[in-house]
Amino acid sequence: MSKPLCIVSCPIDTYSGYGARSRDFVKSLIKIKGEEWDIKILSQRWGQTPFGALDTNIAEEEDLKNRIIGQLTMNVPKQPEVWIQITVPNEFQPVGKFNIGVTAGIETTICDPSWIEGCNRMTLNLVSS
């Protein structure tokens, strides 16, 4: 039986806070689910931050680089069972059968309605602040 496909869309190779968060998140995901799931990465841009943050001299980061299936395009072989998107909530798009949004939050009493709409598109949201 084949492993469930999990695709993480994130700015994993960028020199940005979201890039660092993406690397930490995906490394942890691989440690927890790497034997059970086929984990692939859809590398995304993060504003104007440059690419090249993955250090291929580190085996763990070489593994991340080998899991990248595309950049800015949906080079996806089939609908993933699990879709994880690490970005700001207004960019969340449900692509998989189960959709997880991961974002850094802000502590406030009010937020932009587009963030609420984005979170509502996902099955589960993980928000750190």
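Residues are described here as buried when their relative accessible area is under 20%, as exposed when it is over 50% and as partly exposed in between, with a 1.4 Å probe and protein chains only. The structure is a predicted model, in which local features need pLDDT of at least 70 and side-chain atom pairs count only at pLDDT 80 or more, whereas totals for chains, interfaces and linings use all residues. Residues are numbered from 1 along each chain as its sequence is written, and side-chain values use heavy atoms, with hydrogens and water left out.

The pLDDT, the predictor's confidence in each residue on a scale from 0 to 100, averages 92 over the protein, and 95% of the residues score at least 70. Where pLDDT is low, the predicted coordinates should not be read in detail.

Helix H1 comprises 17 residues and spans 24 Å from its first C-alpha to its last, close to the 24 Å expected at 1.5 Å a residue, the expected span being 1.5 Å times one less than the number of residues. Its buried residues, among them Tyr18, Ser22, Phe25 and Leu29, pack against S1, S2, H2, S4, strand S5 (98-104) and strand S6 (124-128).

Tyrosine 18 counts as buried, at 14% relative accessibility. A search of the whole structure finds 1 aromatic pair, formed by tyrosine 18 and tryptophan 46, which are stacked at 4.2 Å centre to centre with 25° between the planes. Rings of Phe, Tyr and Trp (its six-membered ring) pair if their centres lie within 6.5 Å, and planes under 30 degrees apart count as stacked, over 60 as edge-to-face and the rest as tilted. Because tyrosine 18 lies in helix H1 and tryptophan 46 in the loop between S2 and H2, the pair ties together parts that are 28 residues apart in sequence.

Serine 16, in the loop between strand S1 (5-10) and helix H1 (17-33), is likewise buried, at 14% relative accessibility. Leaving aside neighbours within four places in sequence, serine 16 is in contact (heavy atoms within 4.5 Å) with Arg23, Trp46 and Thr49.

Threonine 56, in the loop between strand S2 (38-43) and helix H2 (59-67), is partly exposed, with a relative accessible area of 40%. Not counting residues up to four places away in sequence, threonine 56 touches Glu62 and Lys65.

Notes:
Helix = DSSP H or I, 4+ residues; strand = E, 2+ residues; numbered from the N terminus.
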